[in-house]
Amino acid sequence: MSKRISSCFERAKAEGRAAFIAYLTIGYPTLEQSEAAVDALIEGGVDIVELGCPFSDPFADGAVIRSAAYEALRQGVTLEDVLLLAERLRKKHPETGFVLFTYYNLIFSRGLEAFAAAASKADIDAVLSVDLPLEEREELLTVLRPYGISYVPLIAPNTPIERVVESAKGLDDTFLYVITVKGITGERKELPADLAERLDGIRNAVSLPIAAGFGISTQAQAEMVSRHADGFIVGSALVKRLGETGHLEKPLLP
């Protein structure tokens, strides 16, 4: 296992900051612009990039990411295209953590072993499947582990601490994705008042790094989360800006 994700968190901690994790819907506005945007994110200081696979029923996502996924699908972007782009990106960015962000139907329809082999060829560090519950993830982990690929669990706002601990068991070189708000992805003007307490409780309960996402769109929100988590995740705000301007540049957060 490469340990890239762990190294990203360790490097950020040594620099006195939280890891910056960014999500993009690959293929939006185009594959070429997606690749350039990932390059810009990494140049702008992003530690880990979630490569979002466009899916026809992205039920966990808000209007911005749904629209981006539909446009990418309209252009014919597939899982294979995302993996080929990841392979190109890895050659340029050997130290960046790359997480394949997807829905389980795309994995299952490809065939689990074939998917794991393709993800390994692209040098993906971890997979995040939005709709794969804890009780059913072992069938995927069984094929990912031999290739040194890890898994990123999602932790919902109402997940009991006992289940959080179970979600972290048996995983290496990864992080827990702690969802900050109930509902779907999208920018929020305010984050929940009890978020800091929730993050502190999870951080004290597990040894894996935790990163908070859903709703974070400003530097002020990122700084607030960074005081209570090991990383923060920004998605919709970046996808929206990329769609409006066609490119990303510093500062990445207003």
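A residue counts as buried when its relative accessible area is under 20%, as exposed when that area is over 50%, and as partly exposed in between, with a 1.4 Å probe and protein chains only; by this criterion both F55 and Y103 are buried. The model is predicted, so that local features need pLDDT of at least 70 and side-chain atom pairs count only at pLDDT 80 or more, while totals for chains, interfaces and linings use all residues. Residues are numbered from 1 along each chain as its sequence is written, and side-chain values use heavy atoms, with hydrogens and water left out. Helices (H or I, at least four residues) and strands (E, at least two) are DSSP runs, numbered from the N terminus.

**Aromatic pairs**

- The structure holds 7 aromatic pairs, where rings of Phe, Tyr and Trp (its six-membered ring) pair if their centres lie within 6.5 Å, and planes under 30 degrees apart count as stacked, over 60 as edge-to-face and the rest as tilted.
- One of them joins F9 and F175, whose ring centres are 5.6 Å apart and whose planes stand at 50°, so the pair is tilted.
- This pair links distant parts of the chain, with F9 in helix α1 (residues 4-14) and F175 in the loop between α8 (161-168) and β7 (176-179), 166 residues apart.
- F9 counts as buried at 7% relative accessibility, and F175 is buried with a relative accessible area of 0%.
- The rings of F55 and Y103 have centres 4.9 Å apart and planes at 20°, so this pair is stacked.
- F55 lies in the loop between β2 (48-52) and α3 (63-74) and Y103 in the loop between β3 (97-102) and α5 (104-110), so that the pair links distant parts of the chain, 48 residues apart.
- Ring pairs link F55, F59 and Y103 into a cluster.

**Packing of α2 and α4**

- Helix α2 (residues 31-43) and helix α4 (residues 79-92) pack at an angle of about 35° with their axes 11 Å apart, the axes being lines fitted to C-alpha atoms, for helices over the stretch in contact, and angles running from 0 to 180 degrees between N-to-C directions.
- In this packing, L31, S34, E35, V38 and D39 of α2 meet D81, L85, R88, L89 and K92 of α4, where contact means heavy atoms within 4.5 Å.

- The buried residues of α8 are V164, S167 and A168.
- These residues cover an arc of only 95° around the axis, which puts them on the same side of α8, the arc being that of the directions from the helix axis to the C-beta atoms.
- The cover over the buried residues of α8 includes β6 (154-155), β7 and α9 (195-205).
- After α8 comes G170, whose phi is positive, near 75°.
- D173, in the loop between α8 and β7, has a positive phi of about 50° although it is not a glycine, and D173 is buried, with a relative accessible area of 1%.

**Other backbone features**

- Most residues other than glycine have a negative phi, and most peptide bonds are trans.
- D123, in the loop between α6 (112-121) and β4 (126-129), is not a glycine but has a positive phi of about 60°; at 28% relative accessibility, D123 counts as partly exposed.
- The peptide bond from Y28 to P29 is cis, with omega near -5°, and P29 is found in the loop between β1 (19-25) and α2.
- A cis peptide bond also joins K250 and P251, with omega about -5°, and P251 lies in the segment after α11 (236-245).
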